[in-house]
Amino acid sequence: MPATQAMYRRRFLQFLAASPLFAGSALAEGPLPGTRLSDPLMWAPFRAEALIKSPKEAINVFDFEPVCRANVPPAHFGYMASGIDDEVTLRANREGFAKFQLRPRRLVDVSKVDMSTEILGVKYDSPIVIAPVGGQQSFHEEGEVAVARAARQGNHLQILSTVTNIGVEEVIAARGAPLWYQLYASNKWDVAKAMVMRAEKAGCLAVAVTVDRSGGRNQETLFRLRSTDTRECSGCHERGSGLAATLTRRAMYQGIDVSGLTNTQSSAMTWDFLKRLRDTTKMKIVLKGILAHEDAVLAADAGMDAIIVSNHGGRSEDSGRSTIDALPEIVEAVRGRMPILVDSGFRRGSDIVKALAMGASAVCVGRPYIWGLGAFGQAGVERVLELMRIELYGAMQQVGAPSIKHLVPAMVRRA
Ligand SMILES: Cc1cc2nc3c(=O)[nH]c(=O)nc-3n(C[C@H](O)[C@H](O)[C@H](O)COP(=O)(O)O)c2cc1C
């Protein structure tokens, strides 16, 4: 169950337990009229243990998470769900949205809403982007190809991870349109260069360089769930698995000399790397993982084509700062010099509307489509994306925005 929902539910149950109003059969009938309750409540039955049986039954994206958990090995689910340390950033990403209120405008014709969005010169049906997630066959055998087919269905921009299980050429064929390729630069330039050249040759439009995985990380949820996993894993994870063993199942490393590679990420990367990259590829260059306005300005000065404001879904540091909190100072500092995308914690149409109204050009989504993939494969991903589009459509109507350009800063304020 998502952290905020779990918190509301816990508080609700504590409230019920403490309340004399709810003794015996009164509990089944709900609270007495006039009773003041401390939290938003869901009066319709909500039982995380009652799993949906088909994608169509899902009411929101959260419905897929427990099904994914039931289907996917605990170690893989733990890898997906984990934040790091106390998971403060992970929770902050969701709680951050409650700090901002929307200011709806009225008497605007929103009988038809146009969600289409241009991102780096290409038109998509909505500003909902598929964030790069590594190793998607850990969640469903069709992995990145199932996601690409779902992306095609809703015409979403898809960003493919460096550590994809399936090669970029096959994923592009399934998507039927160019992707962006996400790059973990590693400590070896030749590895990065070979992957970038392959992605460019395959027809990728942009390379999204992830800049926020510079340190180690303590993924406690992963470690705890992994210790409950009793399956035989050696078929996929070679025994004594070091980096080289992991990379044998990662399509983009095939045929590349990975000797001397100490890590897929890169703790030594500086702005010099981006100069070198610029001289190597004609693809657009996007920085993924910017959180401070100073770095956003440096990125614009360095001629980057876009940035993604991201804390890696709470998976790269435990600063406690949500991306929706970081977004306004970055938008202000960048002053329109390049598009700003954002991710981490986006689950609702209203979350997306808040970010777009603040000045983001698009929003990337990570875990929700993985829940859909783990739950029902391609059909699950399709439904997750459809639910997000439906909610976004409704949220735009609610604030009085018939198109993306009508989402303006005056529609959002800090609560
Ligand atoms: C299981 C998993 C694997 C991920 N793998 C990558 C990756 O390979 N490269 C990358 O740049 N980001 C990766 N991310 C981060 C996502 O691109 C994105 O920033 C994050 O998931 C957004 O937060 P959300 O999951 O709350 O939507 C991964 C995230 C998850 C959950």
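**Helix packing and a ligand site**

Reader: Hi! Which way does H15 cross H16, left-handed or right-handed?
Author: H15 passes H16 in a right-handed crossing. A crossing is right-handed if the near helix is turned clockwise from the far one by less than a right angle, and left-handed if anticlockwise. Helices here are DSSP runs (H or I, at least four residues; strands are E, at least two), numbered from the N terminus.

Reader: What should I know about the model itself?
Author: It is a predicted model, where local features need pLDDT of at least 70 and side-chain atom pairs count only at pLDDT 80 or more, while totals for chains, interfaces and linings use all residues. Residues are numbered from 1 along each chain as its sequence is written, and side-chain values use heavy atoms, leaving out hydrogens and water.

Reader: OK, back to the pair. At what angle do H15 and H16 pack?
Author: At about 145°, with the axes 6 Å apart. Axes are lines fitted to C-alpha atoms, for helices over the stretch in contact, and angles run from 0 to 180 degrees between N-to-C directions.

Reader: And which residues of H15 meet H16?
Author: Pro368, Tyr369, Gly372, Leu373 and Phe376 do, facing Gln378, Ala379, Gly380, Val381 and Val384 of H16. Contact means heavy atoms within 4.5 Å.

Reader: How do H3 and H15 cross?
Author: H3 (residues 64-71) and H15 (residues 367-376) have axes that come within 7 Å and cross at roughly 50°. That makes H3 oblique to H15 (under 35 degrees counts as roughly parallel, over 145 as roughly antiparallel, 65 to 115 as roughly perpendicular, the rest as oblique). The crossing of H3 and H15 is left-handed.

Reader: What about H7 and H8, how far apart are their axes?
Author: Those axes are 9 Å apart, and the helices pack at an angle of about 30°. H7 and H8 are therefore roughly parallel to each other. In this contact, Val168, Glu169 and Ile172 of H7 meet Arg198, Ala199 and Ala202 of H8.

Reader: New topic: the ligand! Which residues come nearest to it?
Author: Pro132, Ser161, Thr210, Asp343 and Arg347, out of the 23 residues around the ligand (a heavy atom within 4 Å is what counts as near).

Reader: What lies 2.9 Å from a nitrogen atom of the ligand?
Author: An N or O atom in the side chain of tyrosine 184. A ligand nitrogen is also 3.1 Å from a polar backbone atom of glycine 134.

Reader: And where does a ligand oxygen sit 2.8 Å from a polar backbone atom?
Author: At glycine 345.

Key. A polar contact is a pair of N or O atoms within 3.5 Å; within protein, one must be able to donate a hydrogen and the other to accept it, and residues adjacent in sequence count only if both atoms are side-chain atoms.
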